[in-house]
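Here is a short briefing to read alongside the sequence and the model. Topics are grouped so that each can be checked in the viewer.

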Amino acid sequence: MTSKPRLMQGNEACVEGAIAAGMRFYAGYPITPSTEIAEIAAERLPKVGGKFIQMEDEIASMGAVIGASLAGLKAMTATSGPGFSLKQENIGFACLTEVPCVVVDVQRGGPSTGQPTLPAQGDVMQARWGTHGDHPIITLSPSYVREVFDMTIRAFNLSEKYRVPCILLMDEVVGHLRERVELPDPASIKIINRKRPDLSKIEYYNPYQDYDGDGIPPMVNFGEGVPYHVTGLIHDITGFPSTKPEVTEYLISRLMRKINDNLDEIIDYEKFYTEDSETVVVSFGSTARSVIRAVKILRREGQKVGMLRLKTIWPFPHKAIQELPPTTKNIIVAEMNFGQLIEVVGASAKGRFNVIGLNKYNGELISPDEVIAKVREVNKNA
């Protein structure tokens, strides 16, 4: 049974989704356009037995989230571009130490402090490679307010299941948009919690031992009577540092394997009118709202245009590009940046399609008219 319809903002839906997923700790620092997430979390969390803390800066916020998660709480923080940059060192720490946590990035114009109140999608590559070294990451991108609620829950589920930071990559338009929303019955929501070891069957608990062979070590929470070591240095199964080449190779390989072996479960995307498409527009986030409107208009004109909406950006859904029908000649990548995702799409296309960018980076949303004009230009020149 769904709730009564209500007018809900994207940032508000994020908090409601997080609480429904079991979030009981939030640490953050207010930054436009994500500030409402902190404000609403500060109001809502104490009512469900959770804790909210405003930290002195973005670096400390990420550190507090990691500490809370190690102690057993589902934890989240939210920020925008400049704050996301400051969080990167600790995100890398969470990747290597395999601490579940959710980081929301409501994107705004950049670089530096850029345009605080205007939308952009310029953090795509930062979400994947913002921290140094080889590491896995999961990044989701919603386009609608109800989807923000659902995707926040999914972010927590994926983070808990795979012991990896999960990034919810929103943008200012989706964060501040208000739409009519009916939330689902809480009893119908699937919730995943981190895997725990059966200590009665383990002689000595090694915090980074792959007991089940799935690449995901079971996790004991700090304070539950089983002490263990956590470090950002390369470590063996005991958690203590090691410089042995075989230990390093095994650890990094396992981190990547636990994600790469489960791509079909992690990756999500939607296709519209791609069965016979000659041109496909790839988009994500708020840009997808304009693209689907444009595609519907062009379809009524008889043009064979489709859309691929990426709900998971990282790991990148190469399969979605490669399985486009043989009728497809052109791919247009629509994104509010100078051109970030287009290179990955081009690599996935492997020369099968002409890959063209539709880029806008002046602080304005890509409009349906601009998508229509680009499709007509591409089809005319084909």
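Isoleucine 191 lies in the loop between β8 and α8. The model is predicted.

**Isoleucine 191**
- With a relative accessible area of 34%, isoleucine 191 is partly exposed.
- Not counting residues up to four places away in sequence, isoleucine 191 touches Ala20, Ala21, Lys74, Ile153 and Asn157.
- Isoleucine 191 and serine 242 are 51 residues apart along the chain. Their C-alpha atoms are separated by 36 Å.

**Aromatic rings**
- The model has 5 aromatic pairs, counting rings whose centres lie within 6.5 Å.
- One of them joins tyrosine 205 and tyrosine 228, with ring centres 5.7 Å apart. Their planes stand at 80°, so the pair is edge-to-face.
- This pair links distant parts of the chain, 23 residues apart. Tyrosine 205 and tyrosine 228 both sit in the loop between β8 (178-181) and α8 (245-260).
- Both tyrosine 205 and tyrosine 228 are buried.
- Phenylalanine 222 and tyrosine 228 also pair, with ring centres 5.0 Å apart. The planes are at 75°, so this pair is edge-to-face too.
- Tyrosine 228 has 15% relative accessibility, so it counts as buried. Phenylalanine 222, at 36%, counts as partly exposed.
- Ring pairs tie Tyr205, Phe222 and Tyr228 into a cluster.

**A charge over a ring**
- Arginine 128 places its charged end over the ring of tryptophan 129. The distance to the ring centre is 3.9 Å.

**The sheet of 7 strands**
- This open sheet runs in the order β3-β2-β4-β5-β7-β6-β12, and its pairing is mixed.
- β3 (51-54) and β12 (312-314) are the edge strands, each pairing on one side only.
- From one strand to the next, the twist averages 20°.
- Strands β2 (residues 23-28) and β4 (residues 74-79) run parallel and are joined by 3 bridges.
- Opposite tyrosine 26 stands methionine 76 in β4.
- Helix α3 (residues 58-70) packs on the sheet and touches β2, β4 and β5 (101-107). The direction of α3 makes about 165° with that of β4.

**The sheet of 5 strands**
- This open sheet has mixed pairing and the order β9-β11-β10-β13-β14.
- Its edge strands, β9 (269-272) and β14 (354-359), each pair on one side only.
- Neighbouring strands are turned by 20° against each other on average, direction ignored.
- β10 (residues 279-283) pairs with β11 (residues 305-310) in the parallel sense, over 5 bridges.
- Valine 282 has leucine 308 in β11 as its bridge partner.
- Helix α10 (residues 287-300) lies across β9, β10, β11 and β13 (330-335). It runs at about 165° to β11.
- Helix α13 (residues 368-381) lies across β10, β11, β13 and β14. Helix α13 runs at about 150° to β14.

**Helix α8**
- At 1.5 Å a residue, the 16 residues of α8 should span 22 Å. The end C-alpha atoms of α8 are 22 Å apart, which agrees.
- Val247, Leu251, Arg254, Leu255, Lys258 and Ile259 are buried in α8.
- Cover for the buried residues of α8 includes α4 (81-97), β6 (138-140), α6 (145-162) and α9 (263-266).

Definitions and conventions:
Residues numbered from 1 in each chain as written. Predicted model: local features only at pLDDT ≥ 70, side-chain atom pairs only at ≥ 80, totals over all residues. Heavy atoms only, no water. Phe/Tyr/Trp six-rings, centres within 6.5 Å; stacked < 30°, edge-to-face > 60°. Helix = DSSP H or I, 4+ residues; strand = E, 2+ residues; numbered from the N terminus. Buried < 20%, exposed > 50% of the residue type's maximum accessible area, 1.4 Å probe, protein only. Lys NZ or Arg CZ within 6 Å of the ring centre and 35° of its normal. Pairing = 2+ DSSP bridges. Axes fitted to C-alpha atoms, helices over the stretch in contact; angles between N-to-C directions. Contact = heavy atoms within 4.5 Å. Expected span 1.5 Å × (residues − 1).
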